[in-house]
Amino acid sequence: MSEGVAGRLGPLLARILLGEADAPAAELPIRVKAWDGSSVGPDGAPAFVVRHRRALRRMLWKPGEIGLVRAYVAGELDIEGDVFDALEAVQQVMRIGDEPIRLSGEDKREIVRTAVMLGAVGTEPRPPAEEFPAGDTRDVSGPLEAPADFFTQMLGPSLATSTGMWDQAVDLEDAQRAALEAVADRLGLFSGARVLDLSGGWGAFAHHAAADHGARVVSLVRTPEQAEYIRERCADLPVDPRVGDLSIAGDGPYDAIAGLAGVDALDPPSDRLYALLAPGGRLLLQQQTRRPGPHQIRRTFTTSYMFPTDGELRTLGSIVGGLEEAGLEVRGTAALREHHARTLRAWAAALRLHWPTAVERAGVGRARVWLLYLAASALACESGRVGVHAITAVRRDRDGRAGTTLVEDRAVLRR
């Protein structure tokens, strides 16, 4: 049925979601279903179901990314079918790091006329409870405050939050085991090494470094729940979880520092990392990066719902430059974009598979935020709009040596 509300919604959404005027319904990349049961758009296309007029009001007040996200998180807009296909169809809205949609004056007037006819005009609805207040610069850990049971549904039993390595892996757990061992190898871990884990999450890397390599680990986490989980998980291992940032890492020195930010944001100050590393100590950071070029800082889905203080991505060059300026020697970079995208897709698939349990554990709004974040981030990686790089650096000893591994001549490296 193509009459009714959906017949007017199609052109309206083409403007406020795609930035396109006068797009014929048959050429829309999505199918639109309305609260009165009507629908418009090509058969087989991803379906956006507008369940309430309030969804339109949200998108009228905030055309593009924020309006769409608010309506979806609030449950006033649903996605039928594969969420990846749906977001790819409206990728102009969810292009992380790209310019927002801008509407002409005529577009805005036409949108208002249509909205009046649909009864969707009114004051701006309050954002969903999951959204951080505008201008909030606190270190908010909102999306990470869900219980461990929720993350088990999404991340798998290892609760590894970093990028998996898929070269020879058969599943997510296999990819994560390979990734953790690769990190330990690149850091040259040895029995008794003192290790700082910058993004401890639920303790996957800390447990691996301590149990398999005999390291002593200080693990920085965002929430008390994560710290308590790691204490129980690593009860018989030398692992010390601490809630907070680098300010509570102590004075070092650490033989190795790892920052594996897979579902977390990470941008530690380079000079602080230099001060914490022992001479000859190694650093490995895995960070999302953006493409070089002009970049306008703006409010996005990521900064509104995931990481308000550190959601803006940096270029690979700026990260490497910062490490070098601090006195660290960058020894190599590795592009992990495809590996990260596949990891994100695996997490999203697990979340959808266990959706009822995930909603019960974290609430439907928070579960929707995570699914949207995983899907949008995976698409951004696959398209090359966002990259992920592993950056290895070393603090040379006083003679300028970095060594081949930390195991090699440890006494010299620690002078």
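In the predicted model, 7 strands form an open sheet of mixed pairing in the order E7-E6-E5-E8-E9-E11-E10, where helices (H or I, at least four residues) and strands (E, at least two) are DSSP runs numbered from the N terminus, and two strands are taken to pair if DSSP finds at least two bridges between them. Its edges are formed by strand E7 (239–243) and strand E10 (329–335), each of which pairs on one side only. Neighbouring strands of this sheet are turned against each other by 15° on average, direction ignored; axes are lines fitted to C-alpha atoms, for helices over the stretch in contact, and angles run from 0 to 180 degrees between N-to-C directions. Helix H13 (residues 337–353) packs on the sheet and touches E9, E10 and strand E11 (386–394), its direction making about 120° with that of E11; contact denotes heavy atoms within 4.5 Å. Within the sheet, strand E8 (residues 254–260) and strand E9 (residues 277–290) pair in the parallel sense over 6 bridges, and Leu260 stands opposite Gln286 in E9.

Residues are numbered from 1 along each chain as its sequence is written. As the model is predicted, local features need pLDDT of at least 70 and side-chain atom pairs count only at pLDDT 80 or more, whereas totals for chains, interfaces and linings use all residues, and side-chain values use heavy atoms, with hydrogens and water left out.

An open sheet of 4 strands, also with mixed pairing, has the order E2-E1-E3-E4. Strand E2 (39–40) and strand E4 (77–80) stand at its edges with a single partner strand each, so one side of each is left without a neighbour in the sheet. Strand E1 (residues 31–33) and strand E3 (residues 47–50) run parallel and are joined by 3 bridges, with Phe48 in E3 as the bridge partner of Val32.

Buried residues, those under 20% relative accessible area with a 1.4 Å probe and protein chains only, make up 56% of the 415 residues in the protein. Leu77 touches residues including Phe48, Val50, Met59 and Arg368, when residues up to four places away in sequence are not counted.

Methods: Buried means under 20% relative accessible area, exposed over 50%, partly exposed in between (1.4 Å probe, protein chains only).
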